[in-house]
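Subject: Structure handover

Hello,

Here is the structure I promised to pass on. Please open it and keep it beside this email while you read.

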Amino acid sequence: MSRELNSTQAFWLGHLSYAAALPLPLSAYAQAQAVTFADLMAWEKRLIVQGFPVPPRCRPARFVAVEVVT
């Protein structure tokens, strides 16, 4: 069963696809594009539930390995 995106779905999927291609956290992308992070998260979840392929987003490492030399 093939489904077509409506204009609103296409708008948000476009944002999510573009954000996935950048090495930025989704929150930084949202701020740069003047959309809310909450809207991006809600549409990511909504599109996944509706069966549309949403690309994985950039998730920067929260911890970085360091070597301590004594």
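This is a predicted model: local features need pLDDT of at least 70, side-chain atom pairs count only at pLDDT 80 or more; totals for chains, interfaces and linings use all residues.

**Helix α1**

Start with α1, which runs over residues 7-20. It has 14 residues. From first C-alpha to last it reaches 20 Å, close to the 20 Å expected at 1.5 Å a residue. Its buried residues are Q9, W12, L13, H15, L16 and A19. They cover an arc of only 155° around the axis, so they sit on the same side of α1. What do they pack against? The buried residues of α1 meet α2 (26-33) and α3 (37-49).

Look at the N-terminal end of α1 too. N6 caps it. A side-chain oxygen of N6 lies 3.0 Å from the backbone nitrogen of T8.

Take Q9 first. Q9 is in helix α1. Its relative accessibility is 7%, so Q9 counts as buried. Leave aside the neighbours within four places in sequence. Q9 is then in contact with R3, E4, W43, L47, Q50 and F52.

Now find H15, also placed in helix α1. Is H15 buried or exposed? The cut-off for buried is under 20% relative accessible area. H15 has 11% relative accessibility, so it counts as buried. Its side chain makes a polar contact with the side chain of Y29, at 2.6 Å. Again leave aside the neighbours within four places in sequence. H15 is then in contact with Y29, Q33, V35 and L40.

**The aromatic rings**

How many aromatic pairs are there? The count comes to three. In one of them, the ring centres of F11 and W12 are 5.0 Å apart. Their planes stand at 90°, so this pair is edge-to-face. F11 is partly exposed, with a relative accessible area of 44%. W12 is buried, with a relative accessible area of 9%. F11, W12 and W43 form one aromatic cluster. R46 lies over the face of W43, at 4.3 Å from the ring centre.

**Helix α3**

Next, α3. This helix has 13 residues. It reaches 18 Å from its first C-alpha to its last, close to the 18 Å expected at 1.5 Å a residue. Which residues are buried in α3? They are L40, W43, E44 and L47. Seen down the axis of α3, the buried residues fall within an arc of 110°, so they line one face of the helix. These buried residues pack against α1 and α2. The face of α3 turned away from its buried side carries the exposed residues A38, K45 and V49.

Some names here have come up before. W43 belongs to the aromatic cluster with F11 and W12. W43 and L47 are among the contacts of Q9. L40 is one of the contacts of H15.

**After α3**

Finish with G51, in the segment after α3. Its phi is positive, near 90°. G51 is exposed, with a relative accessible area of 59%. How far apart are G51 and G14 in space, C-alpha to C-alpha? They are 16 Å apart in space, and 37 residues apart in sequence.

Best wishes

Note on methods: Residues are numbered from 1 along each chain as its sequence is written. Side-chain values use heavy atoms; hydrogens and water are left out. Helices (H or I, at least four residues) and strands (E, at least two) are DSSP runs, numbered from the N terminus. The expected span of a helix is 1.5 Å times one less than its number of residues. Buried means under 20% relative accessible area, exposed over 50%, partly exposed in between (1.4 Å probe, protein chains only). The arc is that of the directions from the helix axis to the C-beta atoms. Contact means heavy atoms within 4.5 Å. A polar contact is a pair of N or O atoms within 3.5 Å; within protein, one must be able to donate a hydrogen and the other to accept it, and residues adjacent in sequence count only if both atoms are side-chain atoms. Rings of Phe, Tyr and Trp (its six-membered ring) pair if their centres lie within 6.5 Å; planes under 30 degrees apart count as stacked, over 60 as edge-to-face and the rest as tilted. A charge sits over a ring if NZ of Lys or CZ of Arg is within 6 Å of the ring centre and within 35 degrees of the ring normal.
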